[in-house]
Amino acid sequence: MTPPTTPQGRGRYPGYDVLDQVDHWDEATRRVVLARLDPPPIRFFDEDEARTLAAFCDTVMAQDSEPRIDVLAFVDEKLHEGRLDGFRYHDLPDDRDVWRIVARGLDEAARARDFSTFADALPAERRAICGDFAAGKLEGGAWEELNVSRAWEVVMRAVVQGFYSHPWAWNEMGFGGPAYPRGYAALGAGHKEHWEGDEAS
Amino acid sequence: MTATLTRFLKGAVRPPENDSAFLLDVHRRAVPGRDRMRRYDDSDEVDLVIVGCGAGGGVLAQRLARRGWRIVVIERGPFWDPDEDWVSDEAGSHGLYWTDNRIIGGEDPVELGKNNSGWGVGGSMVHFAGYTPRFHPSDFEVHARDGVGADWPISYWDLKPHFERVERELPVAGEFWPWGDPHGYPHGPHPLGGGAELAAKGAMKCGITMKVGPVAIVNGTFGNRPHCIYRGFCLEGCKVNAKASPLVTHVPDALEHGVEIRADSMASRVETDGSGRCTGVAYIHDGAERLQRAAAVAVAGYSIETPRLLLSSATPDHPHGLGNDEDQVGRYVMVQGAPQVAARFPELARMYKAPPPEISSEDFYETDERRGFVRGFSIQTVAPLPIEWAQHALADGHWGEAMREYGRDYNHWSTLGVLCELLPHADNRVTLADETDRFGLSVARLDYSQSGNDRANIAFAKDKLHEVWEEAGAEETLTIDRYAHLVGGCRMGFSAEDSVVDSDHRVWGVPNLFIADGSVMPTQSAANPALAIMALASRLADRMERIGAGAETRSPVGTSSLS
């Protein structure tokens with residue numbers, strides 16, 4: 001049996017693999033979750049945008065080594081299919097445009113630090129740029145086209161969806177995952193189902 | 001039913017005049033009877049067209065169909081088959097939400113979609129957590145008591161029989177309820193998960209009373225609806241049919257009594273004639289605009305879509321939209337301040353198990369002048385799943401390695417939320433934006449800003465949550481600011497100058513046009529609105545029966561007269 005996968009091999013629940021439970025999931029759920037293990041190719045972003053934004057997704061989710069969850073693939077599919085979230089701030093463009101502007105802005109911020117693109121910047125520099133982005137402190141160029149703090153919320157909303165919808169992330173956190181039709185029986189604090197993982201001590 | 005009786009008859013009383021739970025199939029989740037659903041022609045003048053098949057529209061259709069009304073319901077979203085369409089998965093549930101574009105603005109914009117906007121048969125109750133508290137008697141007289149907000153043209157006592165009736169239909173499970181008008185529930189309380197156990201401990205140390213429930217989740221035998229299996233995905237649509245939504249509580253019985261539900265149909269306009277009456281609803285289905293004629297129309301599209309439809313239905317006789325001669329349509333939209341505070345404990349709470357709605361307190365519901373603001377809030381457990389949990393960490397300023405660490409620590413956390421009653425303000429409103437949607441219809445814009453009282457309420461409630469967790473022995477906390485629950489936008493009142501509908505939900509100036517959703521609420525309360533929306537629709541059915549479908553002659557019982 002292959003050991004369970006967690007992003008970057010980090011996790012608190014050694015030996016726990018939520019994917020061992022797929023036979024207990026209903027068919028519709030199984031279809032949706034397993035599709036994430038084999039995401040479609042990038043279709044919404046162009047090659048340069050994809051390179052920049054993949055580096056961004058890895059930086060903000062601290063994915064600095066393999067195995068990585070392909071967060072950008074999730075975002076790309078969502079935007080490609082136009083699955084938007086049902087609202088737009090009056091001072092922001094459409095989410096799809098926000099992502100493209102952010103890609104441009106990140107490269108501009110990297111160039112200001114003497115790197116040719118965001119993806120080429122050193123990890124610490126990338127983290128510093130993301131820190132400025134989170135704090136709403138990026139300005140000039142592309143960043144003048146939108147409300148920077150809200151743009152951070154828009155992109156991060158999709159990033160955490162991409163990361164935490166992946167079963168490898170559930171392994172990392174010891175989440176029980178889909179539980180229909182079986183349900184949960186061990187409900188109180190300190191209790192676990194026989195198939196759930198134990199936290200490393 | 002009296003409180004005493006509900007204590008002894010737990011689960012034993014079948015709801016009157018609603019066989020929905022018995023019409024469902026115990027092995028398949030889809031509503032039986034769809035294939036033999038009655039069909040009307042567009043050219044048939046039906047007794048009533050309802051726009052929207054959620055908490056309001058679903059109940060109204062079921063009630064009036066039982067009384068022989070010929071009804072067509074126009075629903076924007078799909079007619080769900082939970083076996084196929086719903087999943088035990090957060091991101092995979094995106095299709096449950098109203099995700100057509102809307103613009104948000106104001107000083108404190110309200111994010112729409114997932115958190116507060118449903119579509120499809122069952123409406124947003126499909127993905128509501130499940131809390132179904134009653135409003136308190138004080139909620140109907142906020143202005144008289146506190147000099148703020150508005151008074152309702154009806155009282156708690158007008159709705160009480162409908163609260164009781166709907167509680168039996170859902171059915172609601174919980175402990176005896178000591179707040180507001182004290183009452184019992186038809187089903188007993190559900191067991192507690194780890195998160196709620198920890199919250200209960202802290203509340204007790206703070207001297208706060210918390211009770212289990214009230215949730216619209218089957219806890220016992222109830223027709224062909226199975227018992228809850230505690231899988232924790234209430235907000236992703238209940239694949240079990242244990243949690244209530246109109247899809248399982250009212251639609252089966254409505255179909256059995258001849259209602260036609262036209263899903264995947266976008267209402268574009270309420271048609272009116274020169275006499276000022278409405279004649280039907282124009283809607284778009286499969287790319288073509290059609291018109292369903294009707295003697296009366298009830299709009300139940302909720303606080304964004306209902307005002308949008310009224311504003312979009314402007315004619316030369318109604319240049320500002322229907323019911324809007326006095327610029328009232330779309331105003332006084334409300335949300336509840338709903339910050340959540342999560343707390344870390346040494347033991348594993350695994351808050352993803354059991355229903356997220358478990359225990360709640362209404363100790364702070366009423367005005368207490370010592371707090372420095374009017375009205376109050378309720379406290380409830382919530383239980384974010386992994387994606388929501390990450391949003392929680394993100395909102396507290398964490399990303400990168402810190403977020404990953406909070407993710408790995410997930411099982412140690414428990415979460416409490418509050419629902420703060422925010423007051424109605426005229427400028428918190430829905431208007432039509434300049435841009436159009438895929439149907440060529442103007443999209444809605446919602447502007448929202450808080451008042452000083454609103455901010456004080458939210459700040460106080462947040463402090464209270466921190467206090468509870470401190471007493472419970474939490475090692476660390478994380479806080480997220482958010483909103484919950486839309487209501488208002490077409491409020492009921494006393495005249496066309498102060499409201500959009502009268503106490504019979506009739507739009508001022510269009511006597512056969514009714515509004516049957518949460519948009520009619522003049523104040524928000526600190527309770528989750530689902531039960532009240534259903535109770536209002538249930539009462540409205542009684543009123544409409546007395547008024548008659550499109551009748552020219554008015555019933556003497558109406559509290560308002562036609563001009």
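**Exercise 1. Find the salt bridge partner of Arg150(A) and state which parts the pair connects.**

Step 1. A salt bridge requires a side-chain nitrogen of Lys or Arg within 4 Å of a carboxyl oxygen of Asp or Glu. In this predicted model, Arg150(A) meets that criterion with Asp91(A), and the closest N and O atoms are 2.9 Å apart.

Step 2. Arg150(A) belongs to helix 6 (residues 148–164) of chain A, and Asp91(A) to the loop between strand 1 (88–89) and helix 4 (95–112) of chain A, so the pair ties together parts that are 59 residues apart in sequence.

Step 3. Over all chains, a search of the whole structure finds 75 salt bridges.

Conventions: the model is predicted, so local features need pLDDT of at least 70 and side-chain atom pairs count only at pLDDT 80 or more, while totals for chains, interfaces and linings use all residues. Residues are numbered from 1 along each chain as its sequence is written, chains are lettered from A and ligands numbered from 1 in the order in which they are written, and side-chain values use heavy atoms, with hydrogens and water left out.

**Exercise 2. Describe the secondary structure of chain A and the packing of helix 2 on helix 5 of chain A.**

Step 1. Chain A has seven helices and one strand, in the order α-α-α-β-α-α-α-α along the sequence. Taken along the principal axes, the C-alpha atoms of chain A fill a box of roughly 55 × 35 × 35 Å.

Step 2. Axes are lines fitted to C-alpha atoms, for helices over the stretch in contact, and angles run from 0 to 180 degrees between N-to-C directions. Helix 2 (residues 47–60) and helix 5 (residues 123–134) of chain A pack at about 80°, with axes 10 Å apart. Helix 2 of chain A is therefore roughly perpendicular to helix 5 of chain A; the scale is under 35 degrees for roughly parallel, over 145 for roughly antiparallel, 65 to 115 for roughly perpendicular and oblique for the rest.

Step 3. Contact means heavy atoms within 4.5 Å. Helix 2 of chain A contributes Ala55(A), Phe56(A), Thr59(A) and Val60(A), and helix 5 of chain A contributes Arg126(A), Arg127(A), Cys130(A) and Phe133(A). By class, this contact of helix 2 with helix 5 of chain A has five nonpolar, one polar and two charged residues. Here Ala, Val, Leu, Ile, Met, Phe, Trp, Tyr, Cys and Pro count as nonpolar, Asp, Glu, Lys and Arg as charged, and the others, Gly among them, as polar.

**Exercise 3. Characterise the packing of helix 11 on helix 12 of chain B.**

Step 1. Helix 11 (residues 386–395) and helix 12 (residues 401–408) of chain B pack at an angle of about 135°, their axes being 10 Å apart. The angle makes helix 11 of chain B oblique to helix 12 of chain B.

Step 2. Trp389(B), Ala390(B), Ala393(B) and Leu394(B) of helix 11 of chain B touch Met403(B), Tyr406(B) and Gly407(B) of helix 12 of chain B. The contact of helix 11 with helix 12 of chain B counts six nonpolar, one polar and no charged residues.

**Exercise 4. Describe the contact between chain A and chain B.**

Step 1. The contact involves 67 residues from chain A and 62 residues from chain B.

Step 2. Buried area is the accessible area (1.4 Å probe) that two parts lose on being put together, summed over both. Between chain A and chain B it is about 4900 Å², with carbon and sulfur atoms giving 57%. Arg88(A), Tyr180(A) and Leu187(A) supply 15% of the area that chain A buries against chain B, more than any other three residues.

Step 3. Twelve salt bridges are counted between chain A and chain B. Arg31(A) forms a salt bridge with Glu84(B), with the closest N and O atoms 3.6 Å apart.

Notes
Helix = DSSP H or I, 4+ residues; strand = E, 2+ residues; numbered from the N terminus.
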